[in-house]
Amino acid sequence: MNPPAAFVPAPSRAPHVPGAAADVLVVGYGPVGQTLALLLARRGRRVTVVERWPRPYPMPRAVAFDGPSARVLASAGIADAVRGIGEPSPDYVVENAGGAELLRVSLAPEGPYGWPDSTSVYQPGLEEALSRCATGLPELRVLRGHRAVGIAERGGAVELVAEDVGSGEHRTLTARWVVGCDGANSFVREQGLGTGLDDSGFALDWMACDVVPHRPEDFPPLNLQVADPARPRVAVSAGPGHRRWEFMRLPHEPAAEFGTAENARRLLSLFGVDAKNATVERHAVYTFAGRNARCWRRGRILLAGDAAHQMPPFAGQGMCSGIRDAANLAWKLDLVLAGAAGEDLLDTYERERRPHVQQVIDMSVGLGRLICETDPAAAAGRDAAMLRDRARDGAGRPRPDVLTGGFLHRDTAAAPQGPAGVLLPQATVAHATASGPFDEIAGTGGFTLLTLDDPGRAAHDGGTRTAPDPLGVRPVRLLPPGTPRGHATGGAVVDTEGVYHAWLAALGARTVLVRPDFYVYGAARDRAGTAALLRAAADGLGGRPAAARPATGAQR
C-alpha cells in the first residue's frame with residue numbers, strides 16, 4: 001500500500017549511493033529488521049541493512065502476530081499484503097490430556113486496533129511482502145550475504161566491518177546509529193554492547209513440524225495447547241494452507257533420538273497427520289528460553305527483536321514484541337536525526353520497551369510452566385483447579401496496549417492520568433472524499449492531535465500560540481456521528497461509529513496527543529490543557545526547534 005497522503009516524511013534526501021554513510025545501519029533482515037528499515041526509509045532516512053544469509057530463509061519460524069503488530073506492519077506499507085498472507089485466529093485454547101477445556105481466550109476477527117486480535121501468518125510470505133515494499137525505496141540498501149565481524153563507535157558515528165560470506169572480503173560501513181536485529185545469538189549485542197542477558201531459568205526442547213495439508217479444510221486453523229503430562233503438544237495455524245504441530249521432549253528421551261524423521265512421523269500421528277493427508281516440509285528441534293538483555297542501548301548502538309529478548313512461544317508474542325520495538329525506535333531515531341529531539345530521547349526506548357517485554361516473558365513462561373507439566377499428580381491438581389475456575393477466560397493475556405513509563409505526559413493538573421501510555425483505538429472515519437480505517441484516512445507517520453475542538457484554537461492558550469512544529473503534529477478534528485461527510489474537509493473527519501467520542505468521554509478528555517507508534521502521549525480536558533500538553537511534548541524532546549517539520553491536516 002502506498003503511504004497515505006497525510007503521511008509526514010522527513011525532508012527529502014538524495015538516494016543512498018554505495019560507499020556513502022547511512023543514517024542508520026540495521027544488522028539483520030528478518031521481520032523486525034525489515035520493519036524498522038521500512039519505517040525509517042519511509043521517513044526519508046538513509047538506511048543500510050547487513051544480512052548474513054544470501055537468500056531469505058524458506059521456512060516459517062514465527063507463525064502469528066497480534067492486532068497492534070498488524071497496525072505497525074500496515075503503517076510500514078504492506079496492509080494489503082497482510083490481509084492476503086494471514087488468517088484470523090478464532091481463539092486460544094488450552095486442553096488437558098482428556099480433552100477438557102482448561103482455558104479459552106476468545107479472539108475477535110476485528111479487534112480494537114482495526115485488525116484481528118491475532119493473525120496466523122506464513123512467515124516467508126510476510127518477509128517477501130516486506131522485501132517487495134523495500135525495493136521501491138531509494139533510501140534503503142540491503143547487503144545480503146554479508147555478516148558483521150567488527151563494530152566500533154568513533155567520532156559521532158559507528159563503523160561496522162562486514163564480511164562477504166562468499167568471497168571473505170571485508171568492507172567498512174559507517175552510520176550515525178546501528179541497530180542490532182540479528183537474533184538470539186546477536187553479534188551486535190555481544191560485541192557492540194558487551195551486555196549479558198537476564199534468564200528466566202525456564203528452557204525446554206521442542207520439535208516443530210511444519211506441514212502442508214493436502215486438504216486444508218481437514219485441519220481447520222486453531223491455536224490449541226494440549227497440557228498432557230505424557231506429551232505436551234501444540235497445534236497452530238502457520239498461515240493459509242500451512243499448519244504447525246509442536247511436541248515437547250520428555251525428560252527421559254535422548255535428544256539425538258527425539259529429533260529423527262521417524263519420531264516426527266510418530267508424533268504427528270497424535271493429530272492424525274500422515275503421508276496420505278499432508279506433506280511435512282520441515283521438522284526441527286529447538287530450545288526456547290526466556291531472556292531479556294540487561295542493556296538495550298550503549299552510545300550509538302541499540303538492540304531490537306530477538307537480539308534484545310527471547311521468550312517461550314506459548315503466547316505468540318516473540319515477533320510481536322520485536323515489531324513493537326521497531327515501531328517505538330523508528331520515530332525516535334527519526335526525530336534525533338532531524339535534530340528535533342536530543343539523543344536522550346533514545347533512552348526512553350529501553351525504559352518503555354524492556355519492562356513490557358519482561359512482562360510478556362513472565363507471562364509466556366507462566367503459560368509454559370502450565371502446559372509443560374510432566375508430573376501426573378501435579379498435572380491432575382492443575383486440571384482440578386482450572387476446571388473449578390472457568391472464569392479465567394482471558395487470564396494471562398499480554399498487554400501490548402499499555403506503556404508504564406518513558407515519553408508520556410502525566411500532569412494530572414492539565415490532563416487525565418489514565419490515557420497516557422494506552423494505544424489509540426482504530427475505527428472507521430470519513431473524510432469528504434473517502435471513508436475507511438482511521439490510519440488510512442487520517443494518515444500515519446507523525447504525532448496526531450486528535451480533538452473535539454477546532455485544532456487551530458486548541459493550540460492556543462489565552463491567545464498565545466504553542467508551536468507544535470518540533471513534533472510534526474497532524475491535527476485531526478473529530479466531527480460527531482451523523483455529520484454529513486461533505487463537512488469533513490481539511491483536518492476534520494466524521495467519527496461515523498461514535499467510537500472516538502465514546503472513548504474520549506470515558507477518559508474525561510476532549511483532546512489526546514498520539515505518538516507516531518499509536519501510543520497516547522497524554523490527554524487534555526480543555527484548550528489550556530491542550531496547549532500545555534503540546535508544550536510539554538515539545539520541551540520533552542530537547543531538540544532544536546529549527547529542525548521542525550511543518551504540520552499537515554488529515555487528508556485522504
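# Close-up views of a predicted model

View 1. Strand β18 (residues 291-293) and β21 run antiparallel and are joined by two bridges, in a model that is predicted. One of the residue pairs involved is R291 with its bridge partner Q310 in β21. The sheet to which these strands belong is open, has three strands in the order β12-β18-β21, and is paired in the antiparallel sense. Because β12 (197-199) and β21 (309-310) stand at the edges, each with a single partner strand, one side of each has no neighbour in the sheet. Helix α8 (residues 347-371) packs on this sheet and touches β12, β18 and β21, with a direction that makes about 170° with that of β18.

**View 2. The open sheet of seven strands.** The strands of this open sheet follow the order β6-β5-β14-β15-β16-β13-β17, and their pairing is mixed. At the edges are β6 and β17 (278-288), each of which pairs on one side only, and the twist from one strand to the next averages 15°. Strands of a sheet pair through backbone hydrogen bonds, in either the parallel or the antiparallel sense. Within this sheet, strand β15 (residues 233-237) pairs with strand β16 (residues 243-248) in the antiparallel sense over five bridges, and R233 has F247 in β16 as its bridge partner. Two helices are also shown here: helix α6 (residues 261-268) lies across β13 (204-213), β16 and β17 and runs at about 75° to β13, whereas helix α9 (residues 376-388) packs on the sheet where it touches β5, β6 and β14 (223-227), its direction making about 50° with that of β6.

**View 3. Helix α1 against helix α7.** The axes of helix α1 (residues 31-41) and helix α7 (residues 318-338) come within 9 Å and cross at roughly 25°, which means that α1 is roughly parallel to α7. The crossing in which α1 passes α7 is right-handed. On the α1 side the contact is made by P31, V32, T35, L36, L39 and L40, which meet M319, G322, I323, A326, A327, L329, A330, L333 and D334 in α7. Sorted by class, the residues of this contact are twelve nonpolar, two polar and one charged.

**View 4. A salt bridge between D334 and R45.** The side chains of D334 and R45 meet in a salt bridge, with 2.7 Å from N to O. This pair links distant parts of the chain, since D334 lies in helix α7 and R45 in the loop between α1 and β2 (47-51), 289 residues apart. The structure holds 34 salt bridges.

**View 5. Helix α1 against helix α2.** Helix α1 packs with helix α2 (residues 67-85) at an angle of about 50°, their axes being 9 Å apart, and the two helices are therefore oblique to each other. Here α1 passes α2 in a left-handed crossing. Residues T35, L38 and L39 in α1 meet V72, L73, S75 and A76 in α2, and by class this contact has five nonpolar, two polar and no charged residues.

Key. Residues are numbered from 1 along each chain as its sequence is written. This is a predicted model: local features need pLDDT of at least 70, side-chain atom pairs count only at pLDDT 80 or more; totals for chains, interfaces and linings use all residues. Side-chain values use heavy atoms; hydrogens and water are left out. Axes are lines fitted to C-alpha atoms, for helices over the stretch in contact, and angles run from 0 to 180 degrees between N-to-C directions. Helices (H or I, at least four residues) and strands (E, at least two) are DSSP runs, numbered from the N terminus. Angles under 35 degrees count as roughly parallel, over 145 as roughly antiparallel, 65 to 115 as roughly perpendicular and the rest as oblique. A crossing is left-handed if the near helix is turned anticlockwise from the far one by less than a right angle, and right-handed if clockwise. Contact means heavy atoms within 4.5 Å. Ala, Val, Leu, Ile, Met, Phe, Trp, Tyr, Cys and Pro count as nonpolar, Asp, Glu, Lys and Arg as charged, and the others, Gly among them, as polar. Two strands pair if DSSP finds at least two bridges between them. A salt bridge is a side-chain nitrogen of Lys or Arg within 4 Å of a carboxyl oxygen of Asp or Glu.
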